Amino acid sequence: RAYLSEFKQYVLDVARNGKIRQPAIWYAVAGYLAFMETFLNQNYDEALSYLEYAEAEASRQPDLLHQIRLLRHLATLYQSPQINQAFTAALYPELQWLIAQKETIIYQSVMTTLAQQFLLHHDVPRAACCLFEAKNNHAWPETELDYERAAANVILDIYATENDIEALYAF
């Protein structure tokens with residue numbers, strides 16, 4: 001825990017020094033490190049502030065912007081009391097970018113986290129869709145693990161009500 005905090009402070013000192021060509025990368029790293037600290041102390045505001053600054057600095061670097069936005073969306077996802085349509089609409093382009101970059105493991109992690117958050121908000125149909133999508137991403141070979149599909153089936157079999165199934169069909 002102390003090492004993480006010290007390393008984050010070093011990254012911030014370098015970023016604020018002004019003698020580097022791409023401060024956006026350093027602020028993105030600081031945002032990521034603050035996000036990692038967040039799991040320990042549940043304070044997402046610090047991570048979000050560094051990521052917002054990194055996003056402003058990275059205006060001419062589209063790949064870095066996508067990574068920063070994805071981290072910001074993840075921090076927001078954990079912080080948010082609910083997932084709304086505006087949030088999912090803003091997250092969608094970053095997910096498409098991940099697929100295009102063949103960032104399969106990260107994509108799968110994001111979809112699994114999104115499924116967890118949907119479950120916490122009692123949205124079983126969307127949680128199941130996220131878990132199916134985590135597995136159905138075209139970058140995964142068919143021989144890979146099927147635990148996301150199994151988890152989605154378990155969620156539907158055990159937790160889904162008749163209304164959930166109807167909502168899933170309507171979705």
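1. Helices α1 (2-17) and α2 (23-41) each supply at least two residues of a nonpolar patch; helices here are DSSP runs of H or I with at least four residues, numbered from the N terminus. The patch lies on the surface and consists of Tyr-3, Phe-7, Tyr-10, Ile-25 and Val-29, with about 490 Å² of accessible area together. Helix α1 gives the most, three residues. Patch members have over 30% relative accessible area and no salt bridge, and nonpolar side chains (Val, Leu, Ile, Met, Phe, Trp, Tyr) are joined within 5 Å. Areas come from the Shrake-Rupley method with a 1.4 Å probe, and for residues only the protein chains shown count as cover.

2. This is a predicted model, in which local features need pLDDT of at least 70 and side-chain atom pairs count only at pLDDT 80 or more, while totals for chains, interfaces and linings use all residues. Residues are numbered from 1 along each chain as its sequence is written, and side-chain values use heavy atoms, with hydrogens and water left out.

3. Tyr-10, in helix α1, is partly exposed at 47% relative accessible area. Buried means under 20%, exposed over 50%, and partly exposed in between (1.4 Å probe, protein chains only). Trp-26, in helix α2, is partly exposed at 28%. Not counting residues up to four places away in sequence, Trp-26 touches Tyr-10, Val-11, Val-14, Ala-15 and Ile-20 (contact: heavy atoms within 4.5 Å). Trp-26 and Leu-51 are 25 residues apart in sequence, with their C-alpha atoms 10.0 Å apart.

4. Zero disulfides are found in the whole structure. Cys-129 is partly exposed at 26% relative accessibility, whereas Cys-130 is buried at 6%.

5. The structure holds four salt bridges, each a side-chain nitrogen of Lys or Arg within 4 Å of a carboxyl oxygen of Asp or Glu. One of them joins Lys-8 and Glu-46 (2.6 Å, N to O). This pair links distant parts of the chain, with Lys-8 in helix α1 and Glu-46 in helix α3 (residues 44-57), 38 residues apart. Lys-8 is buried at 7% relative accessibility; Glu-46 is partly exposed at 25%.

6. Glu-55 and Arg-72 also meet in a salt bridge (2.9 Å, N to O). Glu-55 is in helix α3 and Arg-72 in helix α4 (residues 62-79), so the pair ties together parts 17 residues apart in sequence.

Notes:
Patches are made of residues with over 30% relative accessible area and no salt bridge: like charges are joined within 9 Å, nonpolar side chains (Val, Leu, Ile, Met, Phe, Trp, Tyr) within 5 Å. A disulfide is a pair of cysteine sulfur atoms within 2.5 Å.
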